[in-house]
Amino acid sequence: MTKIFQSEWMSHLVDALLPVFATLAALIIGAIMLLVLGVNPIDAYAALWDGAFGSSNAFAETLVKATPLLLVALGICISFRGDVINIGGEGQMIIGAILATWVGLNFTDLPGWLVITIAMLAGFFGGAVWGGIPGFLKAYFNVNEILSTVMMNAIAVQLMNFLLRGPMIDPAQAEAASQIPQTARLLDAFRLARLMPPTRLHFGAVIAVVLAGLVYILLWRTTLGYRIRAVGQNPHASRYAGIQVSRYMVLALLLSGAFAGLAGAVQVYGVNYRMITDGSASGFTGSAGFNGIVAALFGGLHPIWSIPASILFGALLVGANKMQRIVQVPSALIIALNGLVVVFVVSSEILRKQRQRKRLAVAKRDDELPPSGDKQIQQAEAGS
Amino acid sequence: MISDLFSVTVLVGILASGIRLSTPYLYAAIGETFGQKSGVLNLGVEGQMLLGSFAAFYVALTTGNLWLGLLTAIIVGALMGLAMAYVTVNLHAQQGISGIGFYLFGLGMSDLLFQKLMGTVETVKGFPEIHIPFLSDIPGIGKIFFSQNILVYLAYLLVPVAWFVLNKTTLGLKIRSVGENPDAADSLGVSVARVRYFTIILGGILSGVAGASMSIALLNVFQQNMTSGLGFIAVALVYFGAWRPIGVLGGALLFSLINSLQLWIQVLSIPIPSDLAVMMPYVVTILVLVATVSRVRAPSALTKPFERGD
């Protein structure tokens, strides 16, 4: 009996560690690539580690980078659990940031805490609209959400470029010859509080962690969350159970977008204090809309596990800059490795499923055994 | 001034560059059509294009041989396709997400290689225009259709070829049956895995060529993230075109013509915000998807891994 118990326990542990193995595999491939490039991988990874965790400032930067990743990842947990795929994090971040910035630039008479609150809500709302539209189109017009969210990304970028070059341009830039496409700076009173001066770690990190707890409660302790997950696992059964499937699809994408929109607002109020565009989405988002997906997958689509996952990927991204400086390996290496992590994590799902099936088969076989004294213990264990 | 747009020279210019710019969309989207027809959504097109684009450019730059560059892009695309096929067919990975992984890999890898091997933006002399005798002398039409480079002609040739293969050959029948009802296809002795390997690798090759067409035929430079979302559009065009090569062609032309119009608007410095012009094809695509998707059905097994029942 203990043997079965142990192997099952081991098997669950292996499942939980699969993402770690996936990352190790990606890092090993990275090491081979570094060798090919003529760089000592140990030096490179040491620089990476040092850049991410080597000093309190480095660690603070890691957390600053992790904050938008976590917020996007929380949204991804909701939408992927509801079996809707949200690739639109980039656009949702941008729209959230635009609305939040607009609030900060237009309500300059109000007290700081109030403006920040309204701005965060505006970011949440903007992202919700930008995610809600693809959700609506999927639920009621059967438009594939992967495509519509990608389109919405492109539309958001152009909207940002248009606004920052025209209606929302910094008045100083509008008069200057340089015409840098950026908004005016927010008032100092509107900045999210710094937690550990002189580092840039800001209150947004706290918001993100608190929301991770709330998203956990939402998904596993409320009817709404239960229904989103039910629709994700089996839409047909959910429909028979009387759940309005299309409504929950819209809701899953809407909430997912809202968190990305908040991430955009937090970036503006916590880090940049203005919006500026280089013409591309990643110029503003730093690709957090995509990397948040990586973090969420790595965290097993669980909001709490997404916290360490976001820190890990924040660390990789921050450390990559140091690696670039010390051993002259472009930080793009880390983007490539992130891609491999995603591929490995989704590929390793099959191992988890296979073992799950084996566990079920073992449980079934044991059920068919003639009753014995051990049987009750077994059942007790299976039920636990 | 807006009226400048309506001179014959400018209109011919817009149409000619529109035809030219549709090339990468066509290669990538036709490749994706094959994949989706067989039930596989490859969302990694953008990554395959970027790597193909870099490979073609770098080889062309260092050897001076454009065809060798194109061949390298084909090989790189095929390898990416092979990896994608293994992950989706053998490991049953969720296709939308693994595609994002391959996209990030291609994005990072092409940037890394670019910075390590080149460092600065350089140019190559790309495939030259081929003036088709007599036809290219027709006023207007000649410039638009018959004075393009070889990759443009091949892209347009690909459309009827893809239609023929998909609809009139046994191979096409196998592809479609695997995408519609893999169980039935399997029971009739069609190897679902082999067909999907074929379509995904073909898709990778065509994405590689799509990338190459940008770096050694249209723009003749390589830059970081130079496709900037074009690969994702190509995936959307397959839906847009309702899984038919001719529909894909229509979508590709819509995008490339609006892009070309917007470029000319900038060249002529007409006071229309170009950002809003660039936005239009995306809005139109969403509207077209709304209008058509409810009437056109996707391949039934799209994104579903095949597993033989016991």
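**Burial, helices and contacts**

Analyst: B:M118 is partly exposed, with 15 other C-beta atoms within 10 Å; a residue is called buried if 20 or more other C-beta atoms, placed from the backbone, lie within 10 Å of its own, exposed if 12 or fewer, and partly exposed in between. This is a predicted model, in which local features need pLDDT of at least 70 and side-chain atom pairs count only at pLDDT 80 or more, while totals for chains, interfaces and linings use all residues. Residues are numbered from 1 along each chain as its sequence is written, and chains are lettered from A and ligands numbered from 1 in the order in which they are written.

User: In which helix is B:M118 found?

Analyst: Helices are DSSP runs of H or I with at least four residues, and strands are runs of E with at least two, numbered from the N terminus. The C-alpha atoms of B:M118 and B:A56 are separated by 13 Å, and the two residues lie 62 residues apart along the chain. The helix that holds B:M118 covers residues 95-118 of chain B and is α4.

User: Is A:F190 buried or exposed?

Analyst: A:F190 is found in the loop between α7 (171-175) and α8 (204-221) of chain A. Leaving aside residues up to four places away in sequence, A:F190 touches A:G104, A:G112, A:V115, A:I116 and A:Y269, where contact requires C-beta atoms, placed from the backbone, within 7 Å. Because 24 other C-beta atoms lie within 10 Å, A:F190 is buried.

User: Where in α1(B) does the kink lie?

Analyst: Helix α1 of chain B, residues 8-37, has 30 residues and reaches 41 Å from its first C-alpha to its last, close to the 44 Å expected at 1.5 Å a residue, the expected span being 1.5 Å times one less than the number of residues. The kink, of about 35 degrees, comes shortly before the proline B:P24, at B:T23.

User: Which residue just after α11(A) takes a positive phi?

Analyst: Helix α11 of chain A, residues 245-272, should span 40 Å with its 28 residues at 1.5 Å a residue, which agrees with the 40 Å between its end C-alpha atoms. Since 23 of the 28 residues are buried, α11(A) is largely enclosed by the rest of the structure. The positive phi just after α11(A), about 65 degrees, belongs to A:Y273.

User: At what angle do the axes of α2 and α3 of chain A cross?

Analyst: The contact is made by A:G51, A:A52 and A:F53 of α2(A) and A:A58, A:F59 and A:T62 of α3(A). Axes here are lines fitted to C-alpha atoms, for helices over the stretch in contact, with angles running from 0 to 180 degrees between N-to-C directions. The axes of α2 (residues 41-53) and α3 (residues 56-81) of chain A come within 5 Å and cross at roughly 85 degrees.

User: Which helix supplies the largest share of the side of chain A that touches chain B?

Analyst: The contact takes 40 residues from chain A and 41 residues from chain B. On the side of chain A, α5 (112-141), α6 (145-165), α13 (288-298) and α15 (332-368) each supply at least two residues. The largest share, 14 residues, comes from α15(A).

How values were computed: Bend = angle between axes of the 7 residues up to and from the residue. Contact = placed C-beta atoms within 7 Å.
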